[in-house]
Amino acid sequence: MATTHLKESAAAPASRVASAPRRPRGGRRPWAYLAPAVLLLGGVLGYPVLDGLWTSFNHSILTQPGADRFTGLSNYAAVLTDPVLLTAAWHTVLWGVANLVLQLVLGFALAMLMHQKLAGRAFFRSVVIIPWIVPSVVVALVWRFLLDPTSGPLNQLLLNLGLIDQSPQWLADESTAMPVLILLSTWKWTPLVAVILLAGLQTIPKELHEAAMLDGAGAPQRLRYVIIPGIRTSIALAGLLTVGYSVNNFNGIWMFTRGGPAGATETLTTLAYQYAFTQFDFGRAAAVAMILFAFLFLLSTVYFYLVEGRKR
Amino acid sequence: MSQTPNMRMSRRGLLRATGGIAATAVLAACGNGGGTGGGSGGGAKGTLTLWASTAFAGDAKAALRTAAQEYGGKQGLTINVEGFPANDLAKKITTALAGGGGPDIVVADVSSIPQFAASKMLVDVTARFKAAQGEFFAGNVAAASFKDAVYAVPYDTSNVALLWNKKLFQQAGIQSPPGTWDELLASAKELTGGGRHGYMLGAQGYGSFLFWPWLWQNGGRILDDAGTKALFNAPEGLEAWNFYAGLHLTHGVVPPTFLGVTQAWDQYIQPFLTEKVAMLAIGDWGLAPIAKGNPGLEYGVASLPKGKESATVLGGNAIGITSACKNVDAAWGFVSWLTSAGQEKVLRDGYQRIPARTDVGNGSMAGLDEAHQIFIQQAASARPRPAVTAWGDIEWQVMANAWDSVIQKKKSPRQALNEAATAATQALSRG
Amino acid sequence: MRALGRPLVYAGALVAVVLFAGPFVFMVLSSFKQPQELNGVVNGFLPQSLYTGNYENLFATGNFALYFVNSAVVALLTTVLALVVAILAGYALARFPFTGRRLLLLAVVAMQMFPAVLMAIPLYKILRNLGMLDARSGLILVYVTFALPFCIWMMRNYFATVPKEIEEAALIDGCGHFRALWRVLLPPALPGVTAAGAFSMILAWDEFLYANTFVNSDEKRTLSVGLDSLVGQYTTDWGQLLAGGVLMTLPVVLIFAFLQRYLTQIAGGGVKG
């Protein structure tokens with residue numbers, strides 16, 4: 001939806017920079033600004049990714065030292081024929097899409113609330129971002145407490161309200177484990193999405209709102225023609241981030257269910273972990289990681305061309 | 001905005017400044033690291049690094065630390081003891097050693113020793129250990145060995161027994177803990193009702209670990225002697241598996257919340273602590289949390305009920321010297337001292353644990369409470385799990401998934417067990 | 001934006017507070033419970049009494065205060081360095097056309113997508129070669145890099161929204177690009193800086209996997225790892241863990257409470273000016 005407003009959006013002048021009269025035409029100047037970032041990204045992120053790519057083409061099993069050798073695509077063949085992979089891939093898609101939709105919708109609503117002139121706004125803004133601040137280690141602990149089937153306050157509350165008549169085993173039941181984990185991940189990460197969107201909302205000039213009001217635009221119109229186009233890039237950034245981070249969110253699953261019950265929350269990330277650290281087969285683990293990475297890379301590219309427009 | 005003289009230097013200055021940031025100079029300056037290589041790989045002569053789980057090295061006053069200091073003081077050695085959460089320890093050791101660093105000495109769960117050994121991460125200590133080998137339980141030595149070589153010295157030993165709630169038994173009019181499978185089932189049925197259940201089980205890896213005694217009690221075996229083929233789905237195995245799963249599936253004597261026991265022994269013990277469950281099978285590691293969590297709980301400890309024979313599973317930790325160690329002689333000196341007859345007090349007084357030494361039956365463990373005594377008696381006959389590379393995969397992946405698919409009613413017990421056997425044999429073939 | 005009815009807004013805010021802060025309040029309450037209340041032997045939503053033993057134990061048994069200092073140092077330096085590097089890079093990406101710009105942008109977006117779990121061993125090797133294992137510097141290096149894609153992207157987007165004319169006016173006034181960046185472009189982009197700074201800081205504060213992999217000595221551990229080491233193999237002191245969680249969360253909440261008010265004011269001024 002965001003892309004249709006590309007041309008008329010006031011908030012995205014970046015794509016028109018090309019025509020500007022720049023004195024020394026690009027030249028070395030941008031690279032001076034970029035050097036630290038490129039060095040760090042290339043060295044600390046780029047090298048491990050290339051290392052992973054190379055490992056995925058090798059027989060590399062820790063418990064067989066000295067047996068490492070190039071084996072082409074055989075790791076890929078092995079993992080692609082593993083029946084678990086298909087289920088894990090499906091769970092990954094489900095997990096990514098559900099997190100994306102929930103976090104964007106709720107994050108937008110939260111950002112709108114944070115943007116309001118409320119009494120006690122500072123308090124409100126600092127309190128609702130708590131889940132994002134609470135460390136993952138602690139999140140797992142608190143929620144396992146809250147969700148405990150017998151002694152957890154959530155079930156006791158639901159029982160007292162008469163909403164349920166017997167205690168559900170949220171994390172131990174095949175049918176609820178995945179939805180519950182998705183909700184927990186949404187709880188933890190929605191504040192981040194809200195902060196990104198709030199930062200976007202704050203850049204919309206007040207004049208635009210006022211002009212729209214004068215034109216007699218109602219709330220839905222302003223949402224559609226002022227707010228959403230105004231934070232288009234923020235929405236896109238938050239969306240991409242949500243998909244990327246939730247798909248790679250290992251702790252959010254492992255600390256609760258370890259991929260269970262009966263594989264109901266197994267994703268490509270937990271699968272790669274198991275290949276690496278219970279089977280010590282780093283070749284296959286890297287192959288799973290590369291498959292996931294290729295998919296996310298594709299998504300980034302699509303995002304990039306949609307958001308950055310069809311310049312040139 | 002006024003023009004300033006430093007405009008001119010801005011580009012060059014910027015280059016330099018940014019280069020400086022990216023280079024590690026700034027970063028290295030702000031940490032106190034650098035140089036030393038971070039205590040990895042032994043470092044200078046006279047310094048040893050030991051990694052253990054937080055169960056052994058959890059706080060500054062841990063007995064293992066004190067012992068290391070005592071020995072180090074005598075020998076002019078510095079022995080650094082670092083503790084890590086048990087769930088992370090094996091991964092942490094693996095990552096560090098694979099990355100070229102790591103500690104000199106590790107205190108690790110015996111079930112992870114074969115994998116370390118196969119990865120050539122531990123030093124073969126067969127020759128050094130020979131003289132003292134007879135002082136240790138054969139089962140613990142076997143568990144710390146791989147392909148006829150010993151890679152670690154047994155430290156503590158543990159095994160599984162039955163804990164039973166005296167009050168609940170009395171209320172149900174049952175005099176003594178069950179001695180056989182049939183008695184167990186009958187008692188469990190009696191004890192179930194009114195929000196309480198008779199027996200406790202675990203999910204995932206907790207379920208598979210606690211299955212082995214049942215398998216052995218029914219005359220079954222986990223693997224063949226060569227360690228190349230899974231045998232646990234033979235008729236005796238299937239019968240034991242059916243009985244084990246039937247406690248939940250057929251008889252409902254297990255609280256349904258056991259499906260959530262996937263992370264820690266705490267979760268497994270909790271219903272017993274709160275008197276929602278009357279019996280559970282657990283090792284001596286369960287005693288301390290019970291004493292702490294519900295000091296008033298009246299319970300007894302008995303051997304596991306018998307099937308065709310009696311059997312319990314052996315666990316514990318062993319101490320190995322890593323391939324990163326540059327001073328194996330010094331490390332061995334410490335390891336042999338720590339596991340010697342004079343030092344059983346570290347385990348006994350510091351951790352209420354039982355040394356894997358055959359002389360524990362001689363009264364040296366009298367200081368431990370009565371609840372521990374049955375575990376001490378069982379130490380000699382407890383059976384080790386197979387020392388194969390793929391063990392972690394078989395127990396915590398293959399069998400854990402099979403058990404989960406049974407208790408989640410996704411597969412029949414027979415189908416799950418047969419598939420697990422095929423998968424286990426396949427895992428064994430990978431080496 | 002007075003379109004939403006006031007009562008509706010306050011109702012929404014209330015729901016949000018309960019949903020997002022409720023579990024934390026529960027955590028604070030539970031941190032004052034005694035062991036018997038925590039393991040379910042005694043049940044109750046409120047603690048029976050204000051038991052402070054969990055907090056006392058936390059400081060008595062371990063290096064908790066030290067973990068705290070380590071986390072603070074790592075988070076602070078990570079935030080500052082990541083912001084400086086990201087502001088420079090974001091500026092270049094927003095304002096200069098150059099060959100490879102689009103590829104670089106794409107690379108920045110995509111690179112953060114590699115599963116973190118599998119980067120542990122190659123990163124371990126890098127840090128070992130740099131002599132930065134078991135040191136705060138190693139963690140800072142890794143965290144700055146992991147925070148960069150988000151921060152760069154954020155800064156670039158913000159700089160792009162600042163009208164070019166403002167910057168050109170400054171350039172004509174004789175400001176260099178570098179000064180124009182700090183004086184003219186940065187103030188209106190402050191909401192972005194805040195968000196990027198908050199992101200970096202929380203990333204460093206929260207991170208567990210690498211802190212656990214690259215640090216060995218107890219006295220160099222960060223809070224995440226220090227707290228996790230309270231999770232025992234056979235027994236876990238939930239009370240200490242909850243107390244530690246509260247202490248780990250509260251300061252950041254307070255810092256944010258303070259900063260966000262302050263920074264919103266600047267941001268408001270920046271947009272007007």
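Read along its sequence, chain C of this predicted model follows the pattern α-α-α-α-α-α-α-α-α-α-α-α-α, and its secondary structure accordingly comes to 13 helices and zero strands. Of the 273 residues in chain C, 58% are buried. Among the contacts in chain C with a separation of 6 or more, 75% are accounted for by residues 24 or more positions apart.

Chain C meets chain A in a contact that takes 83 residues from chain C and 85 residues from chain A. On the chain A side of this contact, helix α1 (residues 29-56) gives the most, with 16 residues. The side of chain A that touches chain C comprises, by class, 62 nonpolar, 18 polar and five charged residues.

For chain A, an unreviewed UniProt entry carries the annotation "transmembrane region" over residues 31-50, 93-114, 126-146, 180-204, 225-247 and 285-306. Two of these annotated spans were examined for their secondary structure in the model. Residues 31-50 of chain A are 100% helix and 0% strand, with the end C-alpha atoms lying 23 Å apart; residues 285-306 of chain A are likewise 100% helix and 0% strand, and here the end C-alpha atoms are 32 Å apart. Confidence in chain A averages a pLDDT of 83, with 90% of the residues scoring at least 70. Over residues 1-25 of chain A, however, the pLDDT is below 50, although this stretch has 32 contacts in the model beyond near neighbours in sequence.

Chain A is also in contact with chain B, through 26 residues of chain A and 32 residues of chain B. On the chain B side, α1 (10-22), α5 (86-98), α6 and α19 (391-407) each supply at least two residues. The residues of the side of chain B that touches chain A divide into ten nonpolar, 16 polar and six charged.

Chain B itself is divided into domain 1, which covers 47-157 + 315-378, and domain 2, which covers 159-314 + 386-429. The C-alpha centres of these two domains of chain B lie 28 Å apart, and the contact between the domains takes 21 residues from domain 1 and 17 residues from domain 2. On the side of domain 1 of chain B that touches domain 2, at least two residues are supplied by each of α6 (113-118), α8 (138-143), β4 (145-146), β10 (314-321) and α18 (370-378). Helix α18(B) gives the most to this side of domain 1, with five residues. By class, the side of domain 1 of chain B that touches domain 2 has nine nonpolar and twelve polar residues, and no charged residues.

Strand β3 (residues 105-109) of chain B is largely enclosed by the rest of the structure, because four of its five residues are buried. This strand, β3(B), pairs with β1 (residues 47-53) of chain B through two bridges, and these strands run parallel; in that pairing, Leu50(B) stands opposite Ile105(B) of β3(B). Strand β3(B) is also joined to β10(B), by five bridges and in an antiparallel arrangement, with Ala108(B) standing opposite Ala318(B) in β10(B).

Methods
Residues are numbered from 1 along each chain as its sequence is written. Chains are lettered from A and ligands numbered from 1 in the order in which they are written. This is a predicted model: local features need pLDDT of at least 70, side-chain atom pairs count only at pLDDT 80 or more; totals for chains, interfaces and linings use all residues. A residue is buried if 20 or more other C-beta atoms lie within 10 Å of its own, exposed if 12 or fewer, and partly exposed in between; C-beta atoms are placed from the backbone. Two residues are in contact if their C-beta atoms, placed from the backbone, lie within 7 Å. Domain bounds come from an automatic or database domain assignment. Ala, Val, Leu, Ile, Met, Phe, Trp, Tyr, Cys and Pro count as nonpolar, Asp, Glu, Lys and Arg as charged, and the others, Gly among them, as polar. Two strands pair if DSSP finds at least two bridges between them. pLDDT is the predictor's confidence in each residue, from 0 to 100. UniProt positions are given in the numbering used here, feature names are shortened, and annotations may be inferred rather than shown by experiment.
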